[in-house]
Amino acid sequence: MAHPSPRPAETRIDLLQGTLDMLILRTLQWGAQHGYAIGQTIRAQSSEVLRVETGSLYPALQRLEKRGWVSAEWRQTEANQRAKYYRLTPKGKKQLSHQQARWGEMVAAIGRIMNPELADK
Amino acid sequence: MALWQWLVRRRQADQDLQEEIRSHLAMAARDRVADGDDRETARLAALKEFGNVMLTEEAARRVRRGRLLEYASSVLQDLRYGCRMLARNPGFTLVAVLSLASGIGANTAVFSVADALLLRPLTVPRPAEVLTARAGRS
């Protein structure tokens, strides 16, 4: 190793951080999934609008695992490919419902500002 | 936790993530083959879609280790880099070490003299009664 190893600039995690964590937890509510499937599910469920960058997805999964919201285990897929499956923990379920409630409040609050004529009806 | 255990665990976590990314790429390529791509095209397309593998690994590692450990490991990296550079330029290293050594040595010598003469009480009975005598016009 003759060169100092590269120090990449911060990757784009901040952009969607809280939201991405919530989306991942929501995706796992339907059962354990591996990283690739989580990305595909978010993409499909959002009608291809949201594309999760792998550079954000895998750090997010590490973060969720570290916080104890998901647990991981290696298993075989149906196509006989070894993959790391993530599963919601009880703590993660609690966190998801908390985040869902907050998300609802936020959408409603932003809606009242953007469309005041629709509010109070 | 002992240091070597920590190092082993760290290495295992790195390998785990690398295998996870390999498995991601394999599944993505398989999906493309199922859609009619040939194997090599599928493999390249999966890699391209994944983006920068090293950057992803780095970002994930940073999350896993936390800020403090990441900082410690970058300090270690700098130290290793410094040592390598010193080993590569023995002439520069010699001059630097000698000038540091003579600087520190000279300072120590001057300070020990000043310490013995000026800072510590004189080694005589009742040092407070010692007077300075001087001849000359005032």
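In the predicted model, helix α1 (residues 3–34) of chain B packs against helix α3 (residues 53–88) of chain B at an angle of about 160°, and the two axes are 9 Å apart. Because angles over 145 degrees count as roughly antiparallel, α1(B) and α3(B) are placed in that class, roughly antiparallel to each other. Their crossing is right-handed. On the α1(B) side, the contact is made by B:W6, B:R10, B:A13, B:D14, B:L17, B:Q18 and B:I21. These residues meet B:V53, B:T56, B:E57, B:A60, B:R61, B:R64, B:R65, B:L69 and B:S73 of α3(B).

Helix α3(B) also packs with helix α4 (residues 90–119) of chain B. Here the angle is about 105° and the axes lie 5 Å apart. Since the range from 65 to 115 degrees counts as roughly perpendicular, α3(B) and α4(B) are described as roughly perpendicular to each other. The residues in contact are B:L86, B:A87 and B:R88 from α3(B), together with B:P90, B:F92 and B:T93 from α4(B).

From the N terminus on, the elements of chain B are arranged as α-α-α-α. Chain B has 138 residues, of which 21% are buried. Of the contacts in chain B with a separation of 6 or more, 40% are between residues 24 or more positions apart. Within helix α2 of chain B lies B:E40, a residue that is partly exposed at a relative accessible area of 42%. The C-alpha atoms of B:E40 and B:A29 are 8.8 Å apart in space, with the two residues eleven apart in sequence.

Chain A contains four helices and three strands. Along the sequence, its elements follow the pattern α-β-α-α-β-β-α. Buried residues account for 37% of the 121 residues in chain A. Among the contacts in chain A between residues at least 6 apart in sequence, 50% join residues at least 24 apart.

One helix pair of chain A is formed by helix α2 (residues 35–45) and α3(A). The angle between them is about 120°, and their axes are 11 Å apart. The crossing of α2(A) with α3(A) is right-handed. In this contact, A:G35, A:Y36, A:I38 and A:G39 of α2(A) meet A:L57, A:Y58 and A:L61 of α3(A).

A:Y58 also takes part in an aromatic pair. The count of such pairs over all chains comes to one. The pair consists of A:Y58 and B:F50 and is stacked, with 6.1 Å from centre to centre and 25° between the planes. A:Y58 lies in helix α3 (residues 54–66) of chain A and B:F50 lies in helix α2 (residues 39–50) of chain B, so the pair joins two chains. The relative accessible area of A:Y58 is 2%, which makes this residue buried. B:F50 likewise counts as buried, at 3% relative accessibility.

Two further local features were identified in chain A. The charged end of A:R75 sits over the ring of A:Y85, at a distance of 4.4 Å from the ring centre. A:N80 is located in the loop between β2 (70–76) and β3 (82–88) of chain A. The phi angle of A:N80 is near 65°, a positive value in a residue other than glycine. A:N80 is exposed, with a relative accessible area of 61%.

Notes:
Residues are numbered from 1 along each chain as its sequence is written. Chains are lettered from A and ligands numbered from 1 in the order in which they are written. This is a predicted model: local features need pLDDT of at least 70, side-chain atom pairs count only at pLDDT 80 or more; totals for chains, interfaces and linings use all residues. Side-chain values use heavy atoms; hydrogens and water are left out. Rings of Phe, Tyr and Trp (its six-membered ring) pair if their centres lie within 6.5 Å; planes under 30 degrees apart count as stacked, over 60 as edge-to-face and the rest as tilted. Buried means under 20% relative accessible area, exposed over 50%, partly exposed in between (1.4 Å probe, protein chains only). A charge sits over a ring if NZ of Lys or CZ of Arg is within 6 Å of the ring centre and within 35 degrees of the ring normal. Axes are lines fitted to C-alpha atoms, for helices over the stretch in contact, and angles run from 0 to 180 degrees between N-to-C directions. Angles under 35 degrees count as roughly parallel, over 145 as roughly antiparallel, 65 to 115 as roughly perpendicular and the rest as oblique. A crossing is left-handed if the near helix is turned anticlockwise from the far one by less than a right angle, and right-handed if clockwise. Contact means heavy atoms within 4.5 Å.
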